[in-house]
Amino acid sequence: MIIPFKYIFGPVHSWRLGRSLGIDPLSSKHKVCNMDCIYCQLGKTKELADKRQVYVPTQELVAEMGRVGLNGIDHITFAGRGEPTLAQNLGEMIRGIKAIRTEKVAVLTNSSLMHLKDVQDDLMAADFVLAKLDAGDQLFFEAVNQGRMLDLDKIIRGIIEFRSRFKGKLALQVMLIDENIKSARLIAEASRRIKADEIQLDTPLRPSAVKPLDRQRIQAARKHFEDMPVVCVFDAPIQTFTPIDERATMARHGRYKKY
């Protein structure tokens with residue numbers, strides 16, 4: 001009898017991370033987030049979470065990873081149904097995974113809690129942190145990310161502080177859609193202050209409540225970032241993958257549309 005995985009999904013092919021094996025450190029049942037981004041492929045956030053807590057026991061997650069026999073993985077990635085830094089034991093989980101696996105560990109974050117020292121300390125254990133930055137001012141931030149009482153300036157300062165301490169690779173994830181494309185110049189200005197290793201220009205190519213931008217509009221926005229190390233979703237081909245558990249993977253990752 002094959003025991004299903006509760007917290008591990010994939011592997012998927014990520015245009016940013018290569019062959020990525022996902023870890024959901026929050027819940028296998030529902031989305032847990034402090035934002036309600038209008039493009040989220042997981043749908044609306046039914047209940048905003050604003051405090052860190054333990055959702056998944058570290059020992060249980062590490063034991064599940066111990067059952068994974070896959071090789072050829074480029075990154076083990078903390079993502080899943082919500083915001084990974086809401087997991088109070090995120091640092092323990094990362095260190096536990098690195099004790100039994102040799103792959104690099106990545107964390108996808110909406111950046112909202114990166115001003116907190118305990119969150120920064122947890123993320124220090126990762127090799128690659130991908131931090132969201134979808135707006136250049138508070139107005140666009142509230143329209144696109146819809147966080148509860150979140151201050152974009154505070155978030156940007158938190159990323160800058162984290163950047164000054166972090167020894168790994170930091171990328172900024174920029175999701176461009178109709179609702180924030182006019183903010184591209186301001187996002188670029190904030191990106192220069194952060195000095196990330198990579199700027200990732202994205203648009204929703206997985207099922208979403210909003211439409212993706214076409215290649216031409218993304219390329220036009222890219223001009224604002226031309227003095228920085230930029231990669232774009234349209235630069236990478238969409239590739240197929242064979243997940244361990246397809247239902248669990250689709251629930252957390254979705255499918256790519258073909259355009």
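How many of the residues of strand S1 are buried? The points below answer this and describe the surrounding fold.

1. Basis of the note. This is a predicted model, in which local features need pLDDT of at least 70, side-chain atom pairs count only at pLDDT 80 or more, and totals for chains, interfaces and linings use all residues. Residues are numbered from 1 along each chain as its sequence is written, and side-chain values use heavy atoms, with hydrogens and water left out.

2. Strand S1. Helices (H or I, at least four residues) and strands (E, at least two) are DSSP runs, numbered from the N terminus. In S1, 7 of its 7 residues are buried, and the strand is mostly covered. Buried means under 20% relative accessible area, exposed over 50%, and partly exposed in between, with a 1.4 Å probe and protein chains only. Pro11 lies in S1, and the peptide bond that leads from Gly10 to Pro11 is cis, with omega near 5°.

3. The S1-S2 hairpin. S1 (residues 8-14) pairs with S2 in the antiparallel sense over 5 bridges; two strands pair if DSSP finds at least two bridges between them. A hairpin of 3 residues joins S1 to S2. Ile8 has Ile23 as its bridge partner in S2, Phe9 stands opposite Gly22, and His13 is partnered by Arg19. Of the 6 residues of S2 (residues 18-23), 5 are buried, so this strand is largely enclosed by the rest of the structure.

4. From S2 to S3. S2 also pairs with strand S3 (residues 75-78), in the parallel sense and over 4 bridges. Here the bridge partner of Ile23 is Phe78 in S3. Between S2 and S3 the chain crosses through helix H1 (residues 58-65), and this β-α-β crossover is right-handed. The term applies if, with the strands pointing away from the viewer, the path from the first strand over the helix to the second runs clockwise.

5. The sheet as a whole. An open sheet with mixed pairing is formed by 8 strands in the order S1-S2-S3-S4-S5-S6-S7-S8. Its edge strands, each pairing on one side only, are S1 and S8 (230-232). From one strand to the next the twist averages 25°. Helix H1 packs on the sheet and touches S1, S2 and S3, its direction making about 140° with that of S2.

6. Helices H5 and H6. The axes of H5 (residues 152-165) and H6 (residues 184-194) come within 9 Å and cross at roughly 30°. H5 is therefore roughly parallel to H6. Axes are lines fitted to C-alpha atoms, for helices over the stretch in contact, and angles run from 0 to 180 degrees between N-to-C directions. Angles under 35 degrees count as roughly parallel, over 145 as roughly antiparallel, 65 to 115 as roughly perpendicular and the rest as oblique. Ile156, Ile159, Ile160 and Arg163 in H5 meet Ala190, Arg193 and Ile194 in H6, contact meaning heavy atoms within 4.5 Å.

7. Two residues with positive phi. Ser111 is not a glycine, yet its phi is positive at about 75°. Ser111 sits in the loop between strand S4 (104-109) and helix H3 (117-123), and is buried, with a relative accessible area of 0%. Lys195, in the loop between H6 and strand S7 (198-202), has a phi near 60°, also a positive value in a residue other than glycine. Lys195 counts as exposed, at 59% relative accessibility.
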